[in-house]
Amino acid sequence: MHFSSDINRPPYEANDAYLQVTSGCSHGTCDFCTFYKDARFRVSPIEEIEADILELKSYGPRYTRIFLQGADPLILPYKRLKEIAELIHKHLPWVTSIGGYARIDNLKNKTVEQLRELKEMGYGGFYFGIESGDDTLLKRMHKGYTSEEIVTQMSKLREAGMDFVGNFLGGLGGHNYGLSHARETARVSNIIRPDMIYASELTLFPDTPLMKDVKDGKFVEATEVERFKEMQEFLRCLTIPTVFKAEHVTMPSPIRGHLPEDRDRMIQELQELIDLGEDRLRSYRDQVYTL
């Protein structure tokens, strides 16, 4: 198999097969991100992709989903994605769905009709690293799009009937900014209506622009208690039916359920984390830094 980086995928995609179709990230300038820094952005040759599909075939039908590798494989144009799907279904007839990570701007080069056709080919469940619906933070973290662009592009997915996952990155605003971040991201989420919202917490790592800002006194990390109060507010402000999962390694205890029916329970579970106290929660965060 041709992999230019380690396998990257959300925890719930653990039973998938992995197929690299792009390398690196087409954007690569988010202030907090450490992923894909070991590989420049590159589109895999179709011959390389087919060779990997044939290798996956040799393992037999142990999986029904392909999680494409690369930071944002959905950037590929419609014709290339169609070609990849045709090869997958030709050689791996047991595969029923194809997904991967994605950026908001990956949708700009696709029409609603093309997205609808990709859905019919099995594409869906792409994980969009939205992170925030707050324009101040989107600009501050160099995400490369605005909340208006999130709504415009993601609405194309809704119209096409393709399901998707949206990420919420807690703590992204730093100290004393969490509630605004929560409310603005919930506002956008209520418009675009993700089938799942996957929440994780900002973890600062060396060699990122955001860590340099911390050292320079330009960014102050949110406290642990602030983070979970922020997530509580986010849950309170969501008005859509969706699946909510906060089970990333950055969470000391997983929080998961369906909205709206499990809202009160999840808010209470977050309160129980808050009640553990800042020192105990911070101890867990310090362990995450070493993972």
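## Salt bridges and a helix pair

Glu201, Glu221, Glu224, Arg227, Arg282 and Arg285 are tied into one network of salt bridges (a side-chain nitrogen of Lys or Arg within 4 Å of a carboxyl oxygen of Asp or Glu). This is a predicted model, where local features need pLDDT of at least 70 and side-chain atom pairs count only at pLDDT 80 or more, while totals for chains, interfaces and linings use all residues. Residues are numbered from 1 along each chain as its sequence is written, and side-chain values use heavy atoms, with hydrogens and water left out.

There are 25 salt bridges in the structure. Here are some of them:

| Pair | N to O distance |
|---|---|
| Asp31 and Arg140 | 3.2 Å |
| Arg116 and Glu113 | 2.7 Å |
| Arg282 and Glu221 | 3.5 Å |

Take Arg282 with Glu221: Arg282 sits in helix α10 (residues 278-290) and Glu221 in the loop between α7 (209-215) and α8, so this pair links parts 61 residues apart in sequence. Helices here are DSSP runs (H or I, at least four residues), numbered from the N terminus. Glu221 is buried at 18% relative accessible area, whereas Arg282 is partly exposed at 23%; buried means under 20%, exposed over 50%, and partly exposed in between (1.4 Å probe, protein chains only).

Now for α8 itself. The axes of α8 (residues 224-237) and α9 (residues 263-274) come within 9 Å and cross at roughly 170°, which means that α8 runs roughly antiparallel to α9 (angles over 145 degrees count as such). Axes are lines fitted to C-alpha atoms over the stretch in contact, with angles from 0 to 180 degrees between N-to-C directions.

Definitions and conventions:
Helices (H or I, at least four residues) and strands (E, at least two) are DSSP runs, numbered from the N terminus. Angles under 35 degrees count as roughly parallel, over 145 as roughly antiparallel, 65 to 115 as roughly perpendicular and the rest as oblique.
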